[in-house]
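Hello,

Here is the structure I said I would pass on. My notes on it follow below.

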Amino acid sequence: MAEEARLRMLKAEKVSYWKQFEHGMLSREAVRLLGGLTETVGDEENRFVEVSDIQKNWEVRGIWPYMKTKLEEWIKDKKDTIPEPKRNWQHRIFRLVANPFFDYFIYCIIGLNMIAIIVELVLNNPGFIEPKRIINGIFCLIYITEAVLKIIGLRKHYFFSYWNIFDFLIMLLSIVDFGIDVIMGDNAKFNPNIFKVIRVFKILRAFRGLRLVKAIIPRIINWVNSRINVKLSLGYDIGKGFVVGEEEVSKLIEHMVDNEKVLKSLKQQSEASRLAVIKELGLLQRVHPGIAISVKTRQSIRTVLNHTRDTLHELQGGGILDELEAQKLEKMIEIKMKHLMNAPASIAPKSPEYLLCNIAWLQGDLNTIDYITENAELLHFDFGDVIVQQGEMANGIYLIVSGMVKLHGAGSCNEDNEMISYDTGVGEAGTMAVEVFEDYLGAGNVIGEMGLLTHKPRNATVTCETSVQAFFISAEDMYAAIATYTVAPSLEYRLWRVCAIRIATPLLMDQVTHQNWTQENVKLHLEKAFLPDLVEENYSFDIDDNMEDVVLIFGLAYNAHTREKIHAPSVIHRNVHKLIFPPEQEIEPRLLVVPTNEFQQHVDAAMSAVDVRESKLSIDQISSKLCVAHAAEARKRNDDVKSRLKPTNEDTLFRNTGTSPREKMGMEPLVDDMRHGGIQLSPLTAARPDSRTAKHEDPHVPDNADYLV
């Protein structure tokens, strides 16, 4: 039974690799190697794919690393480590010879000297003897001057460089050659032995041209690095594909095995392999950050192009595009796919400040970016340092700039074995079980957003696996920013939305309707999601056919018809048509709503028909600020609403389902206008749009963000 379960697991992994290839997440070479590795492991009894098997793909051995090491040793410039002389005149000479332009001048002189030596060896015209002697004397004087200046400026450190020793020997040969040429003169040609000696010295003097190799060594090193980066990039691609495959297979193991013991063993093996590969990829990313950036960039581009192609097929199937138009557009997509094959294997990382400005909930808000940049503090941690301790209150958030950290914590599981974050602090006593989780995070990930929003203790301990650089933004500064930047969409809304997408991604992937989706497809699906203002909704929310998915992110809710309690985080079942939220909760509950594509298209069409001049509202404003346009005003009425809606018991809560403030104000939702066939937005309606019809565009959501501490 165990052997059969192992073979099923390996087959599921192989299927996952090919699915990633079809969605553009894996290159052809990567899926070929992973598939071959899976077949090889399957032929051996009781054998699984281990980290050592994956690690071989990015271990660079052979001539390339040896060439790189030797070339770097040759070109290594020790001038930066040489102490500067104390005497003023000697210090000036040191600055002269340490200037790169001094070396460039010498390279030009060597190039001219090579031309003179070639002419002297090829042409044997007696009329050129005296001019050649003068030219050789000038070059010899320049080389002597160079050596003297460097010895004075660099002192004994001059002889610590192999290139300087080589130049010094060639200079001595030039002096001897020039001396013999001057002393013997024209009589040298009558003595065959002396003539041969002079000829040998002239040939040896040409070896000075080897110094020009030093100028092109950086280009040779770049070429060698490109060969190494191709290998590392393929290995990183394989590692990421393996991790995604293990994550997908871990959700299917329960359907493959009935035996509890075998199921537990397979899960432990899968999780151990996944964590080990993630750790090795983090270490690889620290040493070669450009490799990880290049692989993630290519994967993102492939995902976007594949999504564009799928959308193109949907438009063609719906009759919006004819066959000729679809073929032309698909050909353009294929051309871009081919261009992607020539993408660089390594992309230089940006500065820490650039990384800070590109946090998902900061992008596009210049005022907030300036505030956060001014108040962020760059901290350094050594290996083994604890950044965040489980159970302590949130004192701020951390943005990892470089390095890798390990998350180790405990989460609560309900009777259905669904993970509940410690941050949410929800759950019934006696129905909870503690489950320990581990994960690794690298550069670009943010730690502590959820704890900051919920005012709950940390649910994980974060320990440095390497030396780490991280930006720290204190809780006081963040709360001040949240209170200051309230213009829709407010900073608080953006923070909640980013956290909501991270929480909803694994939840939706566990659903039957999304089991064949990749993580990237789920994230793209959630990009159109929004968070309704539940205070404005009178602490109740109607779910209709225009909503594809509804996820309770934080807090407690009730099914208005069955009075069933729903704890966050949880995907709302499709048979639930109305939710009611207890208003006495310490922190306002949060709900993430994903509208259907058809409804979103109707909303976009309706918004494009609005006369901007008459409504005094731009299309960009409508598409990005609808659901929180009057959130600030709603907050001012928050206390009044709570006091008016506060129930005396559970039955009172369910009876209090009156009309919403929007209905009392005579505001018709946009969807009702559309159903009546007219798109009429009065100034009042445009200023206070329906929160459930809003569309928000959110920037990139980082990887490895399932755990929110």
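Strand E3 (residues 396-402) is joined to strand E9 (residues 468-474) by six bridges, and the two run antiparallel. Within this pairing, isoleucine 400 has alanine 470 of E9 as its bridge partner. Please keep in mind that this is a predicted model.

E3 also pairs with strand E7 (residues 446-447), again in the antiparallel sense, over two bridges. Here tyrosine 398 stands opposite isoleucine 447, and leucine 399 stands opposite valine 446.

Together these strands belong to an open sheet of four, in the order E1-E9-E3-E7, with antiparallel pairing. Strand E1 (377-381) and E7 are at the edges; each has a single partner strand, so one side of each lacks a neighbour in the sheet. As for E3, six of its seven residues are buried, so the strand is largely enclosed by the rest of the structure.

The other item concerns two helices. Helix H1 (residues 2-22) packs against helix H2 (residues 28-42) at an angle of about 175 degrees, and their axes are 9 Å apart. An angle over 145 degrees counts as roughly antiparallel, and H1 and H2 are therefore roughly antiparallel to each other. On the H1 side, the contact is made by Arg6, Leu7, Leu10, Lys14, Tyr17, Trp18 and Phe21. H2 contributes Arg28, Val31, Leu34, Gly35, Thr38, Glu39, Val41 and Gly42. By type, the residues of this contact divide into eight nonpolar, three polar and four charged.

Regards

Key: Residues numbered from 1 in each chain as written. Predicted model: local features only at pLDDT ≥ 70, side-chain atom pairs only at ≥ 80, totals over all residues. Heavy atoms only, no water. Axes fitted to C-alpha atoms, helices over the stretch in contact; angles between N-to-C directions. Parallel < 35°, antiparallel > 145°, perpendicular 65-115°, else oblique. Contact = heavy atoms within 4.5 Å. Nonpolar A, V, L, I, M, F, W, Y, C, P; charged D, E, K, R; others polar. Buried < 20%, exposed > 50% of the residue type's maximum accessible area, 1.4 Å probe, protein only. Pairing = 2+ DSSP bridges.
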